[in-house]
Amino acid sequence: MESYDTVEHDILVVGAGGAGLRAMIAAAEAGLNVGVVCKSLLGKAHTVMAEGGIAGALANLDKKDSWQVHFMDTMRGGAFLNNWRTVELLAKEAPERVLELEQYGAVFDRTPAGLIMQRPFGGHTYRRLNHVGDRTGLELLRTLQDRAVGAGMKCYMEVTMTRLLKDGDRVVGAFGYYRETGRFLVIKAKAVILATGGWGRMYRVTSNSWESTGDGAMLAYDAGAELMDMEMVQFHPTGMVWPPGVRGILVTEGVRGEGGILRNGKGERFMFDPKYMPAAYKGRFAESEEEARRWIDDKDNNRPSPDLLPRDVVSRAIYREVLAGNGTEHGGVYLDITHRGPELVKKKLPSMYEQFHALADLDITREPMEVGPTIHYTMGGVRAEPETCATNVPGLYAAGEVACGVHGANRLGGNALCDLLVFGKRAGEAAAQYAQMAAHGSIDDAQIRTEAEILLAPFESAGTENPYLLTQELQATMQEGAMIARTEEGLLKCLDQVLELQRRAKNLHVEGSRIFNPGWFTSRDILVMLKTSEIIVRCALERRESRGAQWRTDYPNADPEWARKNLIATKDGDTLKITTRPVPEMPPELARLFEETK
Amino acid sequence: MDTVTLRIFRGDASGGAEHDYEVPTFPGMVVLDAIHFIQANQDSTLSCRWNCKAGKCGSCSAEINGKPRLMCKARIRDYTTDSAPIVVHPLKAFPVIKDLVTDVAWNYQVSAKIAPFTPRADAPKPFVMQQIDVDRVQEFRKCIECFLCQDVCHILRDHNRKDAFYGPRQLIKLANLDMHPYDGLERRKMIREEAGVGFCNITKCCTEVCPEHIKLTDNAIIPLKERVADIYFDPVMWLARKLTKKE
């Protein structure tokens, strides 16, 4: 086989978004030598797309807020499929991590008292989203980036890792290629942290970048890790719908947090319709438009608009309005912020103003936006232990969107960014502890040879399948069969199509050299997306109930039996095995919190 | 179906040539959509960088009809007032790797020389800062590192003084640190000597191309020049330095 580069680090972090960089900082502070790999340039990770804010109960504005309320909001938002211990750690540690980020140099918006400004968000009882206008993710990423570079980070930019390397049961490194040259690379490490983000590119209408193909899930799956709750894919209620060139681009929930109003094509505020109010949220939201209006200025004595219900609820409502013929001209609903005045809109939502102005010729201070659901986030992923982010595979850790445990069946806005910091740090520390006790493993060449052959096959293949067109077919298939409203019939048809595309993918062919060749990159990405899609669809078929993001119109109710089960997907030889695992039971002192607030 | 012609640079460090591609158009289409169409349907080896396609990551920088732009925000419609092709080239200030992809590593090397934010020893925890005191800092922190300002700056583009000038991007990074109410490091020496703020002669080209509408020259670079002038060229300060023998 051709020659390849080999480098060694104590710890390898795959992914340079918020979780990866925070893990790197933690491991470097523990005195370890850390290598970080990212598929793009440093600082371009999908974290920059997070807009609205980072949840953390600092109680700068609402004194009644506390970690306990954040805990309850997150469990309720996740329809109780979450790991309670992971959520407890998230809620308890988020405030420290936010304040630490400020010490690292992040410059948040300020309250009149000079503290970090907080805004209301869907499913959060109090104003809890610490933010910087509508570009909080960029602030978080750039701050961590500078800190990590200052801590001596060795970063391998534009490198794709395609396989974890094992020594017996243990993960001891990873294999991949430099995008710039196509040359292969082995990174040996005593521990590997996956921080690769989520997977939304297998859908046509998506707010995700090209990077969100599911590499991390597949790296872990192939190495024997358990994937959990893979059917839980979040549809953000407000993506752009017009013009077609921008369909799916995110419109931050911060618009509704600042008082933005949803209306259907007939001008009705449909979220006030009682049929959209889930039982778990009854009594917690304004029941009249008048009260919702008062809430904008007086949050202590009024309840928020039902426009701020959790994302799964609002997405379903929009879907049903459009299906009932109440949509707008381009098949969405209206989101209106004009009543808040141009000055506030430009100050608090500057990138939304710019986005609609530049891409849709629309002045959001004067006209309502047209919005509709778009794929946004994946709650499912690699099952990780709450305290350490360890997976079931020795030496392998997972943090951030690729990991699973904290968000349950639906993630609340603002909980992604605190997830990155809290569990990035914990993963870095736990992996450091492990690496201090471990030695480098030995890697047999067969693993490397097999993977290199898979990567190079499309150059040598006599097939005619185009990786781009296959990707487009997969996106159409998943959009049709595994979207918001799911049925057994639709999912079965979707599964057949995905399996057929997997067969066709054996005949992929690409032209050109290995130097920065996007066709070649795509020929590998599509294999990852096809397998991830199959797992999503199979898990969605298995969970015969409606819970959080999983809405089965043939099983429209939540089933108490399913409330106690997480779905687990593992690789058994060459076959995919789906089993269940009991949802960890909340200890009485935490369960009591819910009784007290009833 | 309406179509548009794109004339795209294809090549690498050893040279290259423009190639024409005809692409169907649709409402709201941007130049990056056209690139994606070519990759999927005409030539899958056409290289470019992109990530978010929403103007937030700063990856898809290129020169469109000679002007540095983000391809994801460049509307096809704005270039089709006549029938001339849309010309797309890589950034000129950096070496070409392949097609529209350039080697921007120098920007990262320079950035790494700038010490990260380091709070003053007497800073309160948590920080107490008024919005008005951080407005300017936040403006600079909107930067998405697309490097269009570095590309257009004639000190880097035409004179290639990468040895003596950090460029507008890194100057606003220094400005955001220097203007942070609680940053504790003395950064003026670096601003003048290593970053070379004196090289900027205020043509404001960087401000014109910034997709985040940051007023780099007026709000960052000119104030930095003044900050440096205070210690290096103010006669009172000069005398004080001489008397106390401090450099």
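Two strands count as paired when DSSP finds at least two bridges between them. The model shown in these views is predicted.

Strand S3 of chain B covers residues 61–64, and strand S4 of chain B covers residues 67–70. Four bridges join the two strands, which run antiparallel. Ala62(B) has Arg69(B) in S4(B) as its bridge partner. Two residues lie between the strands of this hairpin. Asn65(B) takes a positive phi there, near 50°.

**S3(B) and its pairing with S5(B).** S3(B) is also joined to strand S5 of chain B, residues 86–89. This pairing is antiparallel and has two bridges. Glu63(B) of the pair stands opposite His89(B) in S5(B). Strands of a sheet pair through backbone hydrogen bonds, either parallel or antiparallel.

**Packing of H3(B) on H6(B).** Helix H3 of chain B runs over residues 131–141, and helix H6 of chain B over residues 168–178. Their axes are 9 Å apart and meet at an angle of about 150°. The angle is over 145 degrees, so H3(B) is roughly antiparallel to H6(B). The crossing of H3(B) past H6(B) is left-handed. H3(B) contributes Val137(B), Phe140(B) and Arg141(B) to the contact. H6(B) contributes Ile172(B), Ala175(B) and Asn176(B). By class, this contact has four nonpolar, one polar and one charged residues.

**Chain B as a whole.** Chain B holds 10 helices and seven strands. Its C-alpha trace spans about 75 × 40 × 30 Å along the principal axes. Of the 247 residues in chain B, 44% are buried. Take the contacts in chain B between residues at least 6 apart in sequence: 62% of them join residues at least 24 apart.

**Packing of H1(A) on H4(A).** Helix H1 of chain A spans residues 18–29, and helix H4 of chain A spans residues 136–150. They pack with their axes 9 Å apart, at an angle of about 30°. This value is under 35 degrees, which means that H1(A) is roughly parallel to H4(A). The crossing of H1(A) and H4(A) is left-handed. On H1(A), the contact is made by Gly18(A), Leu21(A), Arg22(A), Met24(A) and Ile25(A). On H4(A), it is made by Leu140(A), Leu141(A), Leu144(A), Gln145(A), Arg147(A) and Ala148(A). The contact of H1(A) with H4(A) has seven nonpolar, two polar and two charged residues.

**The side of chain A that touches chain B.** 50 residues of chain A are in contact with 43 residues of chain B. Five helices of chain A each give two or more residues to this side: H3 (84–103), H4, H10 (350–360), H13 (467–481) and H15 (518–542). H4(A) provides the largest share, seven residues. By class, the side of chain A that touches chain B has 25 nonpolar, 13 polar and 12 charged residues.

**S14(A) and its strand partners.** Strand S14 of chain A, residues 369–378, is mostly covered. 10 of its 10 residues are buried. One partner is strand S11 of chain A, residues 233–240. S11(A) and S14(A) pair in the antiparallel sense over six bridges. His236(A) stands opposite Thr374(A) in S14(A). Another partner is strand S13 of chain A, residues 333–336. S13(A) and S14(A) pair over three bridges, again in the antiparallel sense. Here Tyr334(A) stands opposite Glu370(A) in S14(A).

**An open sheet of three strands in chain A.** The strand order is S3-S5-S4, with antiparallel pairing. S3 (54–55) and S4 of chain A are the edge strands, and each pairs on one side only. Two bridges join S3(A) to strand S5 of chain A, residues 129–130. Leu129(A) in S5(A) is the bridge partner of Ala55(A).

**Ala113(A) in its loop.** Ala113(A) sits in the loop between H3 and strand S4 (118–119) of chain A. Ala113(A) has 9 C-beta neighbours inside 10 Å. The cut-off for exposed is 12 or fewer, so Ala113(A) counts as exposed. Ala113(A) and Asn60(A) are 53 residues apart in sequence. Their C-alpha atoms are 8.9 Å apart in space.

Key: Residues are numbered from 1 along each chain as its sequence is written. Chains are lettered from A and ligands numbered from 1 in the order in which they are written. This is a predicted model: local features need pLDDT of at least 70, side-chain atom pairs count only at pLDDT 80 or more; totals for chains, interfaces and linings use all residues. Axes are lines fitted to C-alpha atoms, for helices over the stretch in contact, and angles run from 0 to 180 degrees between N-to-C directions. Angles under 35 degrees count as roughly parallel, over 145 as roughly antiparallel, 65 to 115 as roughly perpendicular and the rest as oblique. A crossing is left-handed if the near helix is turned anticlockwise from the far one by less than a right angle, and right-handed if clockwise. Two residues are in contact if their C-beta atoms, placed from the backbone, lie within 7 Å. Ala, Val, Leu, Ile, Met, Phe, Trp, Tyr, Cys and Pro count as nonpolar, Asp, Glu, Lys and Arg as charged, and the others, Gly among them, as polar. A residue is buried if 20 or more other C-beta atoms lie within 10 Å of its own, exposed if 12 or fewer, and partly exposed in between; C-beta atoms are placed from the backbone.
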